[in-house]
Amino acid sequence: MAQHYLDRLADFICDTRLADLDASTLRHGRWVIADTLPVVASGMQLPEMRAFADAHLAQAGAGRAWVLGTGRRAAPLDAGLLNGSAGCWQELDEGNQFAKGHPGIQVVPAALAVAQETGASGAELLLATILGYEVSSRISRAADMRLSIHPHGTYGVIGAAVAVGRLRRLTPPRMRELISMSATMGMATSRNTLLEGSTVRNIYSGHSAYMGQIAVQMAQAGFKGEIDGVRSVYGGGVVSDRYDEGRVTQGLGAEWLMEMGYFKLHPTGRYVHSAIDALEDALSRAGGPIDPADIERIDVKAYKLAAMLNGKDITTSFGGRFSVPFALATILHHGRSGLASFDDAAVANPAVQALVQRVFVEEDAGYTAEYPGRQRCDVTLHLAGKGAVTGRCEMTKGERERPHTEQALQGKFMALGQPIWGQATTQRLYEACMQIERIADIGEFSAGLAL
């Protein structure tokens, strides 16, 4: 009788060793951890997040885990919740088109907090993170989640649970129970939060980090899940009607979805990046600087997920991160991307808002059909008295086929970290992440750093 796929997943999680992974997967795993830390700390500086963290920490349990960007520590449950929530505020967290979401920000906060509390090694943290990312991403890829559902706070609970379960050294039978239980512990999330710029959405990834840990506690205590909670939720009509369980284990241990992930340099929703890349291409073809006042109209043609982000009634910084019209307008006005181009002052700028109204976005069905293998997008700038110039994106920057350089990623790490931690601490943290396997005890290492 063939082994049930959940048993095969459980064996894979419990038996895999770091030596089984190739250099490319390990490199990407280090970067997922490294990229997450300053992104979380930066998000923690937002007023709403600071207020939430202060209120929560007033009643949180004591512990060794960083609450990044506050200089404070807490128990793993509390640190995971706060760090996971903060990591989405700036829209700079790692993601994966094939996992259909952002696995890293849902796995790393839980795994890091537990590693600090238990004194796990850096190698154990790296492996647990990769395994949690991989298993949850495979489950998401195998499902056809409804477009109305936001992917944060759903399969991320599985990823956080698997990572923590590995760190807690669960046996294969307990690990199988954990996968099945954690699949049923996600949220009823709404993708409409993106279209409305609703910041409640940021708690979704914090929920994954928190509930993933709770699921491990339940498994350790002997709670039982459904025979296959994954199928019930991802193929039984809860979040998806279609689920290909064979695809979950196809190429398991040989093909690593983590390597298919992307890193962000623009503080916007991922699909907006395709339009930004096309804009940059158009500007490079213009033959000289463009005065935004000369732009009569901007036409954008994109795949469905990008075309959906066509809102023009932008009233908040967070909402601006999920609007193609606002992103193009503010970058053209400021002459650059970056956090300042998406802050409250940029939203309040009448020149930016006027240009937003001259941006028109439509879906191209052919482009949608090619997604996610290609993320095609065209941006055409119609210039007064000068005709039009068009730029194109075929593959969004940061994807595996068009990766950012390590220099660019390091620059992002330092740019986000230094204002919060200072140059010396940020550099030390960066170097530690790049050789994380050499850290014998994450708890001892972190004791010497106030982040």
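Residues are numbered from 1 along each chain as its sequence is written. In this predicted model, local features need pLDDT of at least 70, side-chain atom pairs count only at pLDDT 80 or more, totals for chains, interfaces and linings use all residues, and side-chain values use heavy atoms, without hydrogens and water.

**Stop 1: Gly95.** Select Gly95. It sits in the loop between α4 (76-86) and α5 (104-118). Helices (H or I, at least four residues) and strands (E, at least two) are DSSP runs, numbered from the N terminus. Buried or exposed? Gly95 counts as buried because its relative accessibility is 0%; buried means under 20% relative accessible area, exposed over 50%, partly exposed in between (1.4 Å probe, protein chains only). Now show its contacts (heavy atoms within 4.5 Å). Beyond neighbours within four places in sequence, Gly95 touches Gly101, His102, Pro103, Tyr133, Gly261 and Tyr262.

**Stop 2: helix α20.** Select residues 406-421. At 1.5 Å a residue, these 16 residues should span 22 Å, and the end C-alpha atoms are 21 Å apart, which agrees. The expected span is 1.5 Å times one less than the number of residues. Next, colour the buried residues of α20: Leu409, Lys412, Phe413, Met414, Leu416, Gly417 and Trp421. What do they pack against? The buried residues of α20 pack against α2 (23-43) and α21 (423-434).
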